[in-house]
Every structure is written in C-alpha cells, then in structure tokens.
Amino acid sequence: MRPSIIAGILLLVVGGYVFVNGGSFTTRRDVVKVGDLKISADEQHPVAPWVAGVAVAAGLVLIVTGARRRT
C-alpha cells in the first residue's frame, strides 16, 4: 500500500471520529502567581466541526490520488 493511501485512511478515520464524537484539547493557564505560589486552571477547548470535515476531505483526496497513481 502506498503511504498516501495509508495517510488518507488515517485522516478519514480520525476526522470521522472527531466529527461524530466531538473532540477537545486541554490547556493549562496560570491564574494567580505570587512569589512561589502558583495557581493554575485547566481549560478545555472544543475542536470545531469544520476541522473534522477538512480532515475527512483531505483523507478522501489522498486515497483517490494514491489509487489513481497506482494504475
């Protein structure tokens, strides 16, 4: 199998999973810092659905172009 087809399949699967189940990532931010005392908070940020759609579309393009080059 060509690497572009494998990458396309991975993008398709990951994009579909994020699109169906939703995805988020967590960042840590310092809220208060006084001397040696530091208080931080975790913030969750959702992944926009259009990002998953772009991943699915890119995966499909990679699969199609990888299959066409084979012939």
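Here is a short walk through the model, one selection at a time.

**Before you click**

This is a predicted model, where local features need pLDDT of at least 70, side-chain atom pairs count only at pLDDT 80 or more, and totals for chains, interfaces and linings use all residues. Residues are numbered from 1 along each chain as its sequence is written, and side-chain values use heavy atoms, with hydrogens and water left out.

**Stop 1: the whole chain**

Show the cartoon and colour by pLDDT (the predictor's confidence in each residue, from 0 to 100). The chain averages 88, and 96% of its residues reach 70 or more. Among the elements, β2 has the highest mean (92), while helix α2 (residues 49-70) has the lowest (88).

Now colour by secondary structure: you'll get two helices and two strands, running α-β-β-α from the N terminus.

Turn the model around. Along the principal axes, the C-alpha atoms fill a box of roughly 65 × 25 × 15 Å. The radius of gyration is 19 Å, whereas a compact globule of 71 residues would come out near 11 Å. That radius is taken over C-alpha atoms, and the globule rule is 2.2 Å times the number of residues to the power 0.38.

**Stop 2: the hairpin**

Select residues 24-34 and 37-46. These are strands β1 and β2, antiparallel over ten bridges; two strands count as paired if DSSP finds at least two bridges between them. At Ser24, look across to its bridge partner in β2, Pro46. Then go to the turn, where two residues sit between the strands and Gly35 takes a positive phi near 60°.

**Stop 3: two salt bridges**

Which residue does Asp42 form a salt bridge with? Show side chains and you'll find Arg28, with the closest N and O atoms 2.9 Å apart. Asp42 is in strand β2 and Arg28 in strand β1, so this pair ties together parts that are 14 residues apart in sequence. Arg28 counts as exposed, at 62% relative accessibility.

Next, pick Glu43 and Arg29, another salt bridge with its closest N and O atoms 2.9 Å apart. Glu43 belongs to β2 and Arg29 to β1, so here too the parts tied together are 14 residues apart in sequence. Both are partly exposed: Glu43 at 25% and Arg29 at 46%. The structure holds two salt bridges, each defined as a side-chain nitrogen of Lys or Arg within 4 Å of a carboxyl oxygen of Asp or Glu.

**Stop 4**

Leu10 sits in helix α1 (residues 3-21) and is exposed at 54%.

**Stop 5**

Draw a C-alpha distance from Val13 to Gly59: 8.4 Å, across 46 residues of sequence. Finish at Arg2, in the segment before α1 and partly exposed at 34%. Its C-alpha is 6.7 Å from that of Gly66, 64 residues away in sequence.

How values were computed. Helices (H or I, at least four residues) and strands (E, at least two) are DSSP runs, numbered from the N terminus. Buried means under 20% relative accessible area, exposed over 50%, partly exposed in between (1.4 Å probe, protein chains only).
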